[in-house]
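Open the model in your viewer and keep the selection tool at hand. The stops below say what to select next and what is there.

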Amino acid sequence: MKNRDRRFTLLLLIPVILVLVAYVLYPSLRTLIESFHHKGGWNLKNYETFFGTESRSNLRALWNSVYISLLSVLFSALIGVPLAFIFNKYEFPGRSFFSSAAILPIVLPSLVGVMAFMFLYGESGLVPNAIKDLLGLKHVPFKIGGVSGILIVHAYTMYVYFYMTVSSTIRSIDPSLEEAAYNLGAGRFTVFRKVTLPLLTPAIVGASLLVFMTSMASFSAPFLLAGGFRVLSLQIYFSKVNGNLQMAAAQSVILSVVSISFLLFMRWYQNRRDYRMATKGIGAHRSEIKNPFLKGSMVILGVLGVIILLLPHATILILSLVPDGTWTYQTYPSVFNIENYLFLFTEPKIWDPVRNSLILAFLATLGNLVFGVLTSYVLVKRKFYGKNMLDIMVMLPWALPATVVGMNLILAFNEPSPFTFGNILVGTFWILPLAYFIRHIPLVVRSTNASLEQLDDSLEEAARNLGAGWFYLFRRVVLPLVMPGIMAGTLLAFVEAVGEFPTSVLLYTLSNRPISIEIMNQLRMFNMGQAAAYGMIQISLIGLVLFISNKFFGIKAERSL
Amino acid sequence: MSSVLLENITKSFKDYQAVKELNLEVKKGEFFTFLGPSGCGKTTTLRMIAGFYYPTTGRVLFGDRDMTRVVPEKRNTGMVFQNYALFPHMTVFENVAFGLKVRRLGSAEIKKKVEQSLKKVRLEAFIGRQVSQLSGGQQQRVALARSLVIEPEILLLDEPLSNLDARLRDEMRTEILRLQRDYGITTIYVTHDQVEALSMSDRIAVFNFGECQQVGTPKEIYNEPANDFVAAFIGETNLIPVIWDGKGGETLQFSWEENKNKKVVAETLFSSYERDHHLSVSIRPEAVEVFDEEPLNLQNVYEGNVELAQFTGASVNLFISLGEKTVQALILNNQTRREPQPGDKVWVRFPESHVRVIPRVMNQPARSMST
Ligand SMILES: Nc1ncnc2c1ncn2[C@@H]1O[C@H](COP(=O)(O)OP(=O)(O)OP(=O)(O)O)[C@@H](O)[C@H]1O
Ligand SMILES: [Mg+2]
């Protein structure tokens with residue numbers, strides 16, 4: 001019956017809306033409200049301070065965030081787009097291997113990546129020092145730090161967005177389009193400018209927006225590399241650490257406004273009619289490179305590229321084998337053993353963070369799985385008013401910078417609330433799984449949406465026509481068919497939860513501190529080896545999960561982004 | 001098995017009426033076809049019978065049970081989808097067994113029934129296959145078996161042959177008819193292929209713009225179309241707008257709207273019509289007689305010129321200009337006679353018994369019409 005159908009939709013909607021209101025909307029509103037409070041009264045003081053002329057540090061941080069993000073977009077595009085072209089348009093030995101290696105930066109949790117870059121290219125980094133010794137220089141020839149450090153880390157991790165979106169677009173371009181243009185007498189350059197580039201524009205714009213948003217929100221890189229340099233996400237952290245929650249709230253609101261407007265702009269841009277191919281599934285054919293010299297240099301470049309890409313991973317591995325206290329004033333470490341790993345089993349204090357991370361990530365991911373599948377089903381398969389609003393609400397945690405999510409939770413749940421059954425969550429174990437859960441809602445929903453949208457409605461209708469009730473058809477028809485999508489999102493959520501740093505650093509307690517926090521602590525104590533060993537554990541966990549998902553569910557890591 | 005009754009059904013999507021005041025009865029065991037051009041509401045009507053849409057107004061009855069608001073899974077109809085909608089993650093066996101599992105039959109019984117029904121569609125050798133490894137025709141037969149195995153009261157087929165090539169289509173047509181006769185099941189078949197409709201159906205409902213234009217046996221629909229839309233949609237026909245002059249003895253007298261001097265005489269009474277209806281004369285090409293010399297003492301004879309002669313094998317298709325109008329005539333490929341050539345002067349005759357006078361509903365302001 002029609003009414004029954006409506007009631008059922010409502011039944012599915014209630015938990016979804018409840019969760020979103022309680023843990024996404026309400027905390028954001030609390031932050032908004034808090035930002036208008038100063039010394040007990042309602043006023044605009046926080047914003048006056050932010051934009052005021054007395055201290056320009058906040059305005060400068062905002063400006064820094066923006067220009068670092070713009071430069072990150074530029075550099076990521078300069079690496080990612082040409083790589084996508086080379087790997088998808090030309091055939092040369094090892095191409096397939098290099099093109100998979102190109103997404104390696106995903107396997108590096110942000111904090112570990114930054115740490116690796118510090119060890120590699122920092123003041124006492126291995127590479128500058130190696131060059132200094134080789135060439136017999138007095139000082140290191142270069143070092144990264146501050147803006148250059150942040151930018152290099154951003155380019156390294158974020159070019160993947162460009163690489164993947166442009167690659168998939170290139171693969172979907174019907175080769176006959178370009179051939180038609182050649183046939184009509186256009187030269188190489190004209191074809192590129194008039195045919196290929198316009199077709200790639202949506203992908204490039206999409207990736208640009210994504211990279212911009214990600215670098216606006218970036219926390220780990222500035223946190224470790226900025227030195228005196230301030231960006232907005234870092235300002236929030238310092239305000240919080242200094243106990244000025246109301247200022248932190250105002251800063252969060254401003255950062256959110258920037259991010260959310262980008263989210264809305266991106267939605268608008270993607271929903272605009274773009275010229276997507278009418279013909280599907282025609283694999284782009286790659287031109288074989290005939291010139292042996294060119295072929296050779298392609299391979300050499302590819303090998304060099306892979307080495308550069310893998311250097312951070314290798315560095316972490318090597319450092320994790322260096323026992324603490326054996327590498328202090330020397331340029332290079334000299335003692336290697338597996339002591340750092342053995343401590344995991346002998347010292348409970350060393351093992352605790354690993355256990356915590358696993359438990360926290362597991363709990364959060366379980367929540368993401370259940371909530372994500374339900375939400376995605378409602379969004380894709382059910383009709384109701386306000387679907388667009390719900391969709392935006394689901395995407396909100398993705399647009400909100402991690403630091404802001406953390407601040408929202410602090411401001412909302414440092415007092416009893418009905419959504420926490422009258423408990424104070426801040427300072428307890430549960431605040432961290434909740435934070436991970438919120439941050440990764442969009443991952444599961446998005447990847448499940450993608451599979452559900454491909455699921456032909458007539459399959460569900462056929463099942464109902466054969467007499468299956470909703471639950472039976474969901475279990476036997478819908479679920480098995482969208483499993484790859486669900487798993488892709490869920491595993492990615494797990495991976496992200498294991499490596500999470502920015503909200504963890506705002507919300508952790510001593511008893512639930514995850515690996516990332518312990519890495520930070522070990523770094524502070526200059527226990528590079530132990531920190532690297534933790535980093536290796538994160539990398540292996542992530543690698544393992546990606547391997548399993550590829551092996552058993554046939555999921556490509558790039559699918560889930 | 002049961003009859004299907006659609007009572008005064010209207011279905012609106014937002015402010016667009018996809019089906020308007022539809023009244024239909026499909027009898028027990030009948031092979032009934034919905035025929036009409038694209039977008040005329042055939043699928044919408046079928047989906048209301050299956051329960052995927054609920055009518056905005058009106059009732060759906062199976063036998064004397066009101067099914068209007070019953071959920072699809074409780075209707076016991078077997079639907080074959082245009083794209084077959086086979087579950088891609090299941091084997092042939094699992095697909096066919098699906099409806100039986102839902103009905104909680106024992107596994108031995110399920111196995112027996114699935115095997116039987118696969119035998120009926122001649123697919124018993126493919127029972128363990130993944131459905132993606134089947135050809136289009138085989139997939140379609142799995143879909144049929146899946147619908148039939150639950151012994152539905154009504155079988156619903158939405159353009160099941162439209163994805164197949166011509167040869168397979170012929171084969172499947174016979175197959176579907178055979179199964180329908182075997183099971184004696186009430187069947188509603190949707191198509192916009194008139195040959196399919198005419199050759200398979202017990203009765204046909206012709207749709208246009210969400211309205212049912214005529215219901216009847218294939219013969220009735222072809223020989224006695226209710227209006228010019230039906231006449232033109234089913235087969236080829238010559239339509240000549242006319243004005244009624246009056247009765248002349250046993251016959252009815254008309255003159256051409258475009259040339260009052262040309263008269264038409266008809267024997268048959270036209271179907272019910274209203275005074276303000278504009279009328280047309282319809283005559284099928286195969287009924288038009290063609291003469292090389294002017295025939296004497298006959299009515300409905302017009303002089304004309306052959307414009308085009310298309311040789312199609314068994315017959316020759318002539319396009320003959322009568323001045324105001326070009327008519328089509330079909331003459332058999334009779335080798336003893338020289339067939340008319342373009343430019344020839346000929347006389348055509350519309351035999352009175354084959355002239356049908358029908359109300360005009362196409363190309364004119366919308367008005368109420370009865371059929
Ligand atoms: N869910 C819907 N929402 C809005 N309009 C619809 C919907 N379903 C059908 N329509 C409209 O109703 C009309 C009839 O559609 P229907 O699918 O019944 O046509 P059809 O006769 O089956 O055509 P075809 O032969 O092309 O399948 C069409 O104009 C269609 O656009
Ligand atoms: Mg249809």
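Start by selecting chain B and chain A together: across their interface, 8 residue pairs are in polar contact, with both residues at pLDDT 80 or more. A polar contact is a pair of N or O atoms within 3.5 Å; within protein, one must be able to donate a hydrogen and the other to accept it, and residues adjacent in sequence count only if both atoms are side-chain atoms.

This is a predicted model, in which local features need pLDDT of at least 70, side-chain atom pairs count only at pLDDT 80 or more, and totals for chains, interfaces and linings use all residues. Residues are numbered from 1 along each chain as its sequence is written, chains are lettered from A and ligands numbered from 1 in the order in which they are written, and side-chain values use heavy atoms, with hydrogens and water left out.

**The chain B side**

Colour helix 1, strand 6 (77-80), helix 2 (92-102) and helix 4 (136-148) of chain B; each supplies at least two residues of the side that touches chain A. Helices (H or I, at least four residues) and strands (E, at least two) are DSSP runs, numbered from the N terminus. Which of these elements of chain B gives the most to that side? Helix 2 does, with 4 residues. By class, this side of chain B has 15 nonpolar, 6 polar and 6 charged residues. Here Ala, Val, Leu, Ile, Met, Phe, Trp, Tyr, Cys and Pro count as nonpolar, Asp, Glu, Lys and Arg as charged, and the others, Gly among them, as polar.

**A salt bridge**

Select B:Glu73 and A:Arg464, whose side chains meet in a salt bridge at 2.8 Å, N to O. The term means a side-chain nitrogen of Lys or Arg within 4 Å of a carboxyl oxygen of Asp or Glu. Between chain B and chain A the count is 2 salt bridges.

**Ligand 1**

Now select ligand 1 and the 13 residues that surround it (a heavy atom within 4 Å). Among the closest are B:Ser38 and B:Gly39. The side chain of B:Lys42 has an N or O atom 2.8 Å from an oxygen atom of ligand 1. For B:Tyr53, a side-chain N or O atom is 3.2 Å from a nitrogen atom of the ligand. Helix 1 of chain B gives the most to this shell, with 3 residues.
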